[in-house]
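Visitor: I have a new structure to look at, and I would like to learn how to read it. Could you walk me through some of its features?

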Amino acid sequence: MPTVHLLDYVAGNIRSLVNAINRVGYEVEWVKTPEDVKKADKLILPGVGHFGHCLSQLEQGGFLGPIREHIESGKPFMGICVGLQALFEGSEEDPNVSGLGVVPMRIEKFNDVSKSVPHIGWNSAMNTAIETKKESFWGLRPTSKYYYVHSYAALYKPGVLEADGWSVATATYGEEEFIGAISRGNVFGAQFHPEKSGVAGLRVLRAFLNGDQFQSLPEEMVTGKVDGLTRRVIACLDVRANDNGDLVVTKGDQYDVREKSGVDAGGQVRNLGKPVEMAKKYYEQGADEVTFLNITSFRNCPVADTPMLEILRRTSETVFVPLTIGGGIKDTVDTDGTAIPALDVATMYFKSGADKVSIGSDAVFAAEDYYKSGLSGKTAIETISNAYGKQAVVVSVDPKRVYVDRPEDTPHHTLKTAYPNAAGQTYCWYQCTVKGGRETRDIDVRQLVQAVEAMGAGEILLNCIDKDGSNSGFDLELINDVKAAIKIPVIASSGAGVPGHFAEVFSKTATDAALGAGMFHRGEYTVSQVKDHLQTEGFLVRQFEVDL
């Protein structure tokens, strides 16, 4: 197989990029020294996280000079995400660190007053010259969507880069138009992640590696273009060992996953299928992300042999959308007594194919400490966010309603609800829980999400114990309350039973994504049916593409 050189400066989930490159017919050779860059024909620089960290690492490793020489020699070069940003003169993210200066512009932070930041999700990469040239570059299509996750971007200035010979593709987020991809000669940069962009992203990688720079487009693609961020539909798989020791996907009612009736009655763990196979099925139905929540502790298993690592490795070979893993992301002690920091645990998952890690109970304990003594710099959220960027850290919240007669009856943040309890109480607050909802803590959901946002979390997975397993729809009051309290994206979870619940949550809240589980696992509805329903209701969604 032909080869491409990949420069990894510890950029998060590289396994998925390797799998994607293999999928389109190329092998990867690793760049480990500056001398290796000189041997490279095609060179790819991936990146996630902090601009300053990326450029500083490259400079300390002696790579910046050889990368410039590679580009100047005319050899193919591709930068992904922060790898694209490295091509620019500098970034507002770290004004003291210079970029490669290939593109005479600077990277700026998104305006977070009117929208969630980071920008996470599936958006466009629209060639600015498409109306006149009716062509794409490096496999981009105006009818396709690509996966972005970033807080900083090159804001588009019409005609500036084009006048200097650059081909430019843009996307719109809120009121801001930014550069999604650029190309000139041998240089190609993508702000999105092609390895996480499904078939559309694989098409981009294949075009770059094959040197197929420009392609003419049929008229229906030009006229059928749709710009903007889509509504994300996420499939969630609760994974645990059953009583026979097999890993299964399960689903509970208020987190109880054991059967209460039928042939498996008597306490057997509810078995809804095999994790890897189900993840692939949801990917092919059009799921925008797949989340694995590990609800088995694997206490007697060495950390490096945790079965979830193998599930991620196998899933990332065939599923080219973002993968999130939750459960056990904390400071831990291995079976041999070795202390393993949460950052090292997260690194194992990233190297196995995860794009994000989800932190649950430990986030509650960290938030309690935050209100006592402020930021420590030592929590799992802070250490992982600082190393891999806040977009890599999701905090999973499990609140439950506590009703009161009046707001004055509790020190916690309350809301007046349209759904009073049996006692007629019309005020409630949302109490956070830990240990799978089994234990309550004296902290409310608003306190929690504001604390973890300050620590560096990039996204909130907002569950609701009262709604879990109910199939009655999402808790819209909870979602709106949390969205009003923070600037980072929120994923609505718990309660989805029919496609209409997704349309309802997107129309009645400002949630950034919505998650389904049991309705998919039981085969009652597919991800495709949910997306078809959303589309008929006027929402912009990404549909699964079949052909490369």
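This is a predicted model: local features need pLDDT of at least 70, side-chain atom pairs count only at pLDDT 80 or more; totals for chains, interfaces and linings use all residues.

Visitor: Let's begin with the overall layout. Into which domains is the protein divided?

Guide: There are two entries to note: domain 1 covers 3-221, and domain 2 is pieced together from 232-251 + 269-398 + 431-537. Their C-alpha centres are 28 Å apart. In the contact between them, domain 1 takes part with 28 residues and domain 2 with 32 residues.

Visitor: And the second largest pocket, where does it lie?

Guide: It lies between domain 1 and domain 2, because both of them give residues to its lining. The volume of this pocket is about 370 Å³. Its lining has 21 residues, and those closest to the centre are G49, E93, S151, Y152 and Q391.

Visitor: Which helices and strands each supply at least two residues of that lining?

Guide: Look for α5 (82-85), β10 (146-150) and α13 (380-388). The largest share is from α13, with four residues.

Visitor: Now to helices. How are two packed helices described?

Guide: In general, one gives the angle between their axes and the distance between the axes. Here, take helix α10 (residues 307-315) and helix α11 (residues 342-352): their axes come within 8 Å and cross at roughly 30 degrees. Angles under 35 degrees count as roughly parallel, so α10 is roughly parallel to α11.

Visitor: Which residues make the contact?

Guide: On the α10 side they are M308, L309, L312 and R313, while α11 brings M348, Y349 and S352. By class, this contact has five nonpolar residues, one polar and one charged.

Visitor: You promised two spots in the backbone. Is the peptide bond from V117 to P118 cis or trans?

Guide: That bond is cis, and its omega is near 15 degrees. To find P118, go to the loop between β6 (103-109) and β7 (119-123).

Visitor: What is phi of K134 near?

Guide: For K134, phi is near 50 degrees, a positive value in a residue other than glycine. You will find K134 in the loop between α6 (130-133) and β9 (135-137).

Methods: Residues are numbered from 1 along each chain as its sequence is written. Side-chain values use heavy atoms; hydrogens and water are left out. Axes are lines fitted to C-alpha atoms, for helices over the stretch in contact, and angles run from 0 to 180 degrees between N-to-C directions. Angles under 35 degrees count as roughly parallel, over 145 as roughly antiparallel, 65 to 115 as roughly perpendicular and the rest as oblique. Contact means heavy atoms within 4.5 Å. Ala, Val, Leu, Ile, Met, Phe, Trp, Tyr, Cys and Pro count as nonpolar, Asp, Glu, Lys and Arg as charged, and the others, Gly among them, as polar. On a 1 Å grid over the protein atoms alone, a cavity is a set of points where a 1.4 Å probe fits but cannot get out, and a pocket is an open set with protein on both sides within 12 Å along at least five of seven lines; lining residues have an atom within 4 Å of a point. Grid points are joined across faces, edges and corners, and a volume is the space filled by probe spheres set on the points. Domain bounds come from an automatic or database domain assignment.
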